[in-house]
Amino acid sequence: MGETTTFFRAAARRDLRRRATAESHWVRRVLVAVALLFLGIFLVLPLIAVFAEGLHKGLGYYLNTFRDPRTLSAITLTFIVAGISVPLNCVFGVAAAWAIAKFDYRGKNILITLIDLPFSVSPVIAGLIYVLLFGAPGPFWNWLSDHDIKIIFAVPGIVLATTFVTFPFVARELIPLMEAQGRTEEEAARVLGASGWQTFWRVTLPNIKWGLLYGVILCNARAMGEFGAVSVVSGHISGGVGTLGTMTIPLRIEVLYNEYNTTGAFALASLLAFLGLVTLALKTWIERKKTAALHAAEMDLRA
């Protein structure tokens, strides 16, 4: 009797879900058509235009754009800045997520709010803040000048601005994940005698590895494409043979476009577009891995 009742209840719930989501064929077709239209206009067509314009004068001209010493300097600097800022944000994101998800203390909501600050502050304002702090006549200018340390209009300023703009990505990906996992496994490890580092490496990190990688990929994509904050602190100094300069890929694209070298600007922009597509592919792969891991965990719990 109980099994029969359970069966009919499950059937009723399925019927209610179908009724709640059932729409006529023309409504579904219209919704799908609208979604595809927006994707085509605002995503697919711009991507096609970038690659088409970049190859407008042929493959030879396209490749010559990347042989320019100033362009090579911009590409090199972009990867250097991303290679410094992303690991810094990775460490900060894990530490912040650990502090927020695993401990209770006064001021935790303030920390969460501060993590979201770069989302609400314009990147240009973030760059101006660093100019006011480390540029002339900022509070640190005299000390920096006496010790011959350059931050503004130099690589350190670009790294600082990029780190500020991108630091929420890893933390914001890990905080809900670690909160959902709870503290049971870490507390069990500590009861069994594991140290803090052992608990992190053997319990916490394996549970958050896919979320961490997801946040790192998003952080890296934003770091390589950042324009506003970097434009303020860079000084737009062109690099060359043996010199790095302070121009990243987005700044170099702006210079090429302002010089009416539209094809060269779009050729370099296609590199960022390609990196964005790679990021999207990695994002999809990681989401599938996360889903498979969650499904495997559910199967283990049922077993």
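Biologist: How does Phe 153 count at 41% relative accessibility?
Modeller: Phe 153 counts as partly exposed, because its relative accessibility is 41%. Buried means under 20% relative accessible area, exposed means over 50%, and partly exposed lies in between, using a 1.4 Å probe and protein chains only. This is a predicted model, in which local features need pLDDT of at least 70, side-chain atom pairs count only at pLDDT 80 or more, and totals for chains, interfaces and linings use all residues. Residues are numbered from 1 along each chain as its sequence is written, and side-chain values use heavy atoms, with hydrogens and water left out.

Biologist: Where is Phe 153 placed, and what is its phi near?
Modeller: Phe 153 sits in the loop between H8 and helix H9 (155-166). Its phi is positive, near 60°, and the residue is not a glycine. Most residues other than glycine have a negative phi.

Biologist: Which other residue has a positive phi although it is not a glycine?
Modeller: Tyr 260 has one, of about 65°. Tyr 260 lies in the loop between helix H14 (249-258) and helix H15 (262-302), and it counts as exposed because its relative accessibility is 75%.

Biologist: Where is there a cis peptide bond?
Modeller: A cis bond joins Ala 136 to Pro 137, with omega about -5°. Pro 137 belongs to the loop between helix H7 (123-134) and helix H8 (141-146).

Biologist: Changing topic, how many helices and strands does the protein chain have?
Modeller: The protein chain has 15 helices and zero strands. These are DSSP runs numbered from the N terminus: H or I of at least four residues for helices, E of at least two for strands. Of the chain's 303 residues, 34% count as buried.

Biologist: At what angle do H4 and H12 pack?
Modeller: Helix H4 (residues 69-102) and helix H12 (residues 196-225) pack at about 140°, and their axes are 9 Å apart. That makes H4 oblique to H12, since angles under 35 degrees count as roughly parallel, over 145 as roughly antiparallel, 65 to 115 as roughly perpendicular and the rest as oblique. Axes are lines fitted to C-alpha atoms, for helices over the stretch in contact, and angles run from 0 to 180 degrees between N-to-C directions.
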